[in-house]
Amino acid sequence: MATLADRLDHLLGRKTADALFDAFGMSTVEDLMRHYPHRYATQGAELGDAQPEEGQHVTIIARVEKADEVRMKSRPGTRLAVVLVSDRQKIDVTFFNPHKVKYNIKPGVRGMFSGTVKYFRDKWSLAHPSYVILPEPRDAEVGGTTPAPTRVRGAGALAGMARSAQGSDGIDMSIFDRALIPMYPATRDVESWTVMRCVRQILDQLEVVDDPLPDWVRREHGLVGLDEALRTIHLPDTKDQVTAARARLRFDEATALQLVLARRRHDVAVRTAPICARRDDGIAAEFDRRLPFELTTGQLAVAEEIAADLSVAHPMNRLLQGEVGSGKTIVALRAMLQVVDSGHQCALLAPTEVLAAQHARSLTSMLGDLAAAGELGAHELATKVTLVTGSMSAARKRQALLDTVNGDAGIVIGTHALIQQGVEFFDLGLVVIDEQHRFGVEQRDALRNRGRDGASPHVLVMTATPIPRTIAMTVLGDLEVSTLTELPRGRSPIVSRVVPAKVHPGWVGRAWERIGEEVAEGRQAYVVCSRIGDGDADEDADADFFVLEDAEPARGTKGRGGKGKAAKAGAEPPDTKSVLQQYEELSTGPLSHLRVGLLHGRLPADEKDAVMRDFGAGKIDVLVCTTVVEVGVDVPNATVMVIVDADRFGVSQLHQLRGRVGRGGHQGLCLLVTDSRPGSQAMMRLDAVAGTTDGFALAQLDLQQRREGDVLGVAQSGTASTLRLLSLVDDVEVIAAAQAFARAITDEDPGLDGHPGLARMVTAALDSTRVEYLEKS
């Protein structure tokens, strides 16, 4: 008998086990058992993907509607042009050696076909796929069974595996007489049929699986046992069995995620942190007395939560999220001043040098003489604000590092350079991370261990990208969440409009005229482009600032919301306007009468800083830039933003970008220029952005379009998502229930020493890379 922990090579043989490992990373029985079917073929109803991705390897069951031998136009010879019918859709299939297949591939026959998806004119097809002709579904004959076929007809890997399955050591073709036939995620080298054969072989040997979930949890949520779920997910007799198995295994995935987060939350809670109680006579109180405006009700409520966290001996671990322009910076500054009052230092980590320099200027400006410690005219309570970046001159960096290590700097602002070796703090009490999703796991983790005498600093992470509830629970489940929903008093909502350049080319000219009108009124504008210049790497040139979240794939691809790099692979270069092109055209054309500036990620740091200073000072009317201005850049006089090739940006990114305008007393306007066709997915996405300023609604739309693979996979950790059944879009209740269970268990048994089955489930439901990532985040 086999157990879940057994190695596959001992049970399936090294050749098969090696193939499974190379294709899917499987090495144990449990790895194979958790490779679930992604759909089922049903007798009497064929099944195929509605719209698989370009280049995806698919396996479908379909019936041949037509099979005609036709002459090829581009070269001598003939091909067999086949039309398959599957799930009420028609799929074109081409075989280039018709004399070898036309006796099997005939109208009316039913088969399993496996190959690589190709698209032509928005219709997908298969070229020379592997295939096996299947028996017709029949009612049970006398004796209660339908005889298995005696001869396999087919070609390629499918037929080869079907033939091998008829040996004494494999399974027979009676699998195709089942009511539900499992169809597995497959590759070119490991077909769905291969997985099916291996699973059936293992299930015949698998002993009863112990269940790690307590009985009371299964009863409370109506879940079947793990042994039943693992067996019926692979070989179900009814659709109800599939539903029940998926519900159980979905709960397992959610629980595994939440157990990692709950254990991490507990680990943070037992650490010690400096107590930073509020003072009535310190720099924080003095700053509050000087504020020229009233804080919103939301800002005051969030500030109270943070102040309470800072006043206890355990590390704060809080996420502060809020709409663009909701006032997160002032809340974070007040928290930093509370820590400075207690004699400790604060580190503010920004994703780019432009934003770090912006923070240094804005905080110094807000504090005035309270930021001038050591200078003439400084207030007696003053501290020092120090900027540390990688591109600073040696002398400036040496002084900044000295101020940091000796404690003269109460607030230290920088990029990832802050967490490099050689940067030492005198007594770090609080780490503020701006735009937390821009930092890697190791980068965020490094500052947590910079406290004095073994203490951990408090951590406040901020984001202007609203996070749907399921993402907050699943990716940031160890954080307490505070949300700012109000805009500061006097801030006007931003008006957004889509400019369909191909349908109404004249509207683009009107956009440049609109910029001229605003400048004539004494205001300023941004023009944002998706890439820097011409060249293969240009689209990634602002990699520190820009992730192409869900841009419409280039012509010739068929991804659904593919990432920038993924969409580029094997596709034509995108027909987009570079920032260098746009700058040249505008500065010598429609905006030649204005002062036009250029900003992108490849400029030297001092030049970028000079450009932003000039723009902030009103010496530049129009800034043509990349997404280097996406977050944090604050020029209140800017009222118009034109986003060129807006379909190349993600929903959340567009929302972030337009938040750079309308930050003063004047109405903000954002124009989304696109060549996308009316009615296309990209156009509908842009219309959605233009139709609302509710960032949380847009974040949910972004999640629905990109799905969780991007959110939990490449965009977060650099590895593919390991969620198999759990949906962050649809399974809010499951995630919430799993979170409550995981926290209750870890409160009693933090190390899961008394629950070895649950400890094993963490690594079983998630791969090792995912567990390591979550534990370090």
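Reader: Which cysteine sulfur is closest to that of Cys346, and how far away is it?
Author: The closest cysteine sulfur belongs to Cys276, and at 7.7 Å it is too far away for a bond. A disulfide is a pair of cysteine sulfur atoms within 2.5 Å. By this rule the count comes to zero disulfides. Please note that this is a predicted model, in which local features need pLDDT of at least 70 and side-chain atom pairs count only at pLDDT 80 or more, while totals for chains, interfaces and linings use all residues. Residues are numbered from 1 along each chain as its sequence is written, and side-chain values use heavy atoms, with hydrogens and water left out.

Reader: What about Cys625?
Author: Cys625 is in no disulfide, and the nearest cysteine sulfur, in Cys529, is 7.6 Å away.

Reader: Is Cys346 buried or exposed?
Author: Cys346 counts as buried, at 0% relative accessibility. Buried means under 20% relative accessible area, exposed means over 50%, and partly exposed lies in between, with a 1.4 Å probe and protein chains only. Cys625 is also buried, at 0% relative accessibility.

Reader: Now the aromatic rings. How many aromatic pairs are there?
Author: Rings of Phe, Tyr and Trp (its six-membered ring) pair if their centres lie within 6.5 Å; planes under 30 degrees apart count as stacked, over 60 as edge-to-face and the rest as tilted. The count by this rule is four aromatic pairs. One of them joins Phe95 and Tyr131, which are edge-to-face with 5.8 Å from centre to centre and 80 degrees between the planes.

Reader: Where do Phe95 and Tyr131 lie?
Author: Phe95 is in strand S4 (residues 89-95) and Tyr131 in strand S7 (residues 130-133), so their pair ties together parts that are 36 residues apart in sequence. Helices (H or I, at least four residues) and strands (E, at least two) are DSSP runs, numbered from the N terminus. Phe95 is buried, with a relative accessible area of 1%, and Tyr131 is buried at 1% relative accessibility.

Reader: How are the rings of Tyr526 and Phe615 arranged?
Author: Their centres are 5.0 Å apart and their planes stand at 65 degrees, so this pair is edge-to-face. Tyr526 lies in strand S18 and Phe615 in helix H20, so the pair ties together parts that are 89 residues apart in sequence. Both Tyr526 and Phe615 are buried.

Reader: Which sheet has S18 in its order?
Author: S18 belongs to an open sheet of six strands, ordered S17-S22-S21-S18-S20-S19 with parallel pairing. Two strands pair if DSSP finds at least two bridges between them.

Reader: Why is one side of S17 and of S19 left without a neighbour?
Author: Strand S17 (494-500) and strand S19 (596-599) stand at the edges of the sheet and have a single partner strand each, so one side of each has no neighbour there. From one strand to the next, the twist averages 20 degrees.

Reader: Which helix packs on the sheet and touches S18, S19 and S20?
Author: Helix H19 (residues 579-588) does so, and its direction makes about 175 degrees with that of S19. Contact means heavy atoms within 4.5 Å. Axes are lines fitted to C-alpha atoms, for helices over the stretch in contact, and angles run from 0 to 180 degrees between N-to-C directions. Helix H20 (residues 605-616) lies across S18, S19, S20 and S21, at about 145 degrees to S19.
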